[in-house]
Amino acid sequence: RSDGARVYLAGHIPPKAIVTSPSQASQFWWSKHQEPFLDILHEFSDVIASSLWGHTHTDEFWTDTRDSSVVGGLITPSITALQSQPSYRVVDMDADSFDVVDYTHRSVNLKAANRANKYNVQTVYRYSTAYGLPDATPASLNTLRQKILTNSTAGDTFLHNWNAGYADSLNAIACSTVSSQSEYWACRYSF
């Protein structure tokens, strides 16, 4: 801090809420661990340029606001295709402040790659273009949350980007309404 240094914090499981069903929510961390961790992040918010996380396999972010301090970070999509396309981010950082100023979300359309026996990495979106924000700092991510909640276009964009534009998540939910495992897989592979 005394040298004006900035750091990136990287971790696997983000300290965020998770939705376990439409009527239930939980969090990844036990409160007895999460609260002291968030206290440290807020105490050093002037030193921590960003935090980068994984685990969820989806394109997300998280923030925590206390008094005048906002902390948070990006949760990267995954190379492992679960409910999304294999994806990753290329992050742009300011050379002076070390703030994350933008990023590009890239992915591979796995079904097309399997059909063609060749993969093609595609840009899904660029953060600044998709959300119209000047950077991906915790303060801007907090603004993005409000934008997603109050603007249906921003909300739809976020949902599309959340799983790398992979419509199969909706298909998987619709297909799960059948009564047998064989019908489920027949439905899933019909798209």
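Predicted model: local features only at pLDDT ≥ 70, side-chain atom pairs only at ≥ 80, totals over all residues.
Is Phe98 buried, exposed or partly exposed, and what is its relative accessible area? Phe98 is partly exposed at 36%, where buried means under 20% relative accessible area, exposed over 50%, and partly exposed in between, with a 1.4 Å probe and protein chains only.

Residues are numbered from 1 along each chain as its sequence is written, and side-chain values use heavy atoms, with hydrogens and water left out.

Phe98 sits in the loop between β7 (87–93) and β8 (100–108), strands being DSSP runs of E with at least two residues, numbered from the N terminus. Together with Tyr8 and Met93, Phe98 makes a nonpolar surface patch of about 260 Å².

Turning to another loop, the one between β4 (48–53) and β5 (60–66), we find Thr58, which counts as buried because its relative accessibility is 1%. The Thr58 side chain makes a polar contact with the side chain of Thr56 at 3.1 Å, and another, of 2.6 Å, with that of Glu60.

As for β5 itself, five of its seven residues are buried, so that the strand is mostly covered. β5 pairs with β6 (residues 69–75) in the antiparallel sense over seven bridges, pairing being assigned if DSSP finds at least two bridges between two strands. Within this pair, Phe61 stands opposite Leu74 in β6, and in the hairpin, which has two residues between the strands, Asp67 takes a positive phi near 50 degrees.

Key
Patch = residues over 30% accessible without salt bridge, like charges linked within 9 Å, V, L, I, M, F, W, Y side chains within 5 Å. Areas by Shrake-Rupley, 256 points an atom, 1.4 Å probe, with all protein chains shown as cover. Salt bridge = Lys/Arg side-chain N within 4 Å of Asp/Glu carboxyl O. Helix = DSSP H or I, 4+ residues; strand = E, 2+ residues; numbered from the N terminus. Polar contact = N/O pair within 3.5 Å; in protein donor to acceptor, adjacent residues only side chain to side chain.
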